[in-house]
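Student: I've just opened this one and could use a guide. Can we go through it step by step?

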Amino acid sequence: MENLIFGAFATLDGYREGDAANLGRTVYDRCTVVALCSAKAQNPACTVALLTNAPVPEPFQLTQGGVEIWDCPFTTYRVPADTNWALAYYKLCAMAWVLENRDFARAAMLDLDTFTQRPLDDLWRECDEAVLLYQVPHA
């Protein structure tokens, strides 16, 4: 069984995501390409996927970088649109969807504003011992 690296992106009419919402969808799509294609480049034996409830617009073709795109409806963990970071709850929906619909030895969800510089081999070894949650400090 192989390992999964994935990210999650959702959009819903009437929902915004914090201060960055003013930057527009294109910024999120560019970050998604960098995050997931860099993860695939450093971890070619892993399945890398974007879980989303929205089509990926041109020219952001993740599949050319070896990234799979999985349709995951935002049906659970939804909160009112005026809740702070309301769309971030889609990550819970995406995690549940992976556990219910896919079979992998290990899985790592990445924030889509990251860049993978090295293989995640050490992380995979740690996963055999425990569930890992890493808080990354924000500047």
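Student: In what order do the elements of the protein run from the N terminus on?

Tutor: Keep in mind that this is a predicted model. Its secondary structure comes to three helices and four strands. Read from the N terminus on, the order is β-α-β-β-α-β-α.

Student: How far apart are the end C-alpha atoms of helix α1, and what span should its 18 residues have?

Tutor: Helix α1 covers residues 25-42, which makes 18 residues. At 1.5 Å a residue, they should span 26 Å. The end C-alpha atoms agree with that, being 26 Å apart.

Student: Which elements do the buried residues of α1 pack against?

Tutor: Let's start with who they are: the buried residues of α1 include Asp 29, Thr 32, Ala 35, Leu 36 and Ala 39. In an α-helix there are 3.6 residues a turn, so residues three or four places apart point the same way. The partners of α1's buried residues are β1 (3-9) and β2 (47-52).

Student: Is Asp 29 buried or exposed?

Tutor: Asp 29 sits in helix α1. Buried means under 20% relative accessible area. Asp 29 has 6% relative accessibility, so it counts as buried.

Student: Which residues is Asp 29 in contact with, leaving aside its neighbours within four places in sequence?

Tutor: Here we skip anything within four places of Asp 29 in sequence. That leaves contacts with Pro 57 and Phe 60.

Student: What percentage of the 139 residues in the protein do buried residues make up?

Tutor: Zoom out from Asp 29, which is itself buried. Across the 139 residues of the protein, the buried share is 35%.

Key: Residues are numbered from 1 along each chain as its sequence is written. This is a predicted model: local features need pLDDT of at least 70, side-chain atom pairs count only at pLDDT 80 or more; totals for chains, interfaces and linings use all residues. Side-chain values use heavy atoms; hydrogens and water are left out. Helices (H or I, at least four residues) and strands (E, at least two) are DSSP runs, numbered from the N terminus. Buried means under 20% relative accessible area, exposed over 50%, partly exposed in between (1.4 Å probe, protein chains only). The expected span of a helix is 1.5 Å times one less than its number of residues. Contact means heavy atoms within 4.5 Å.
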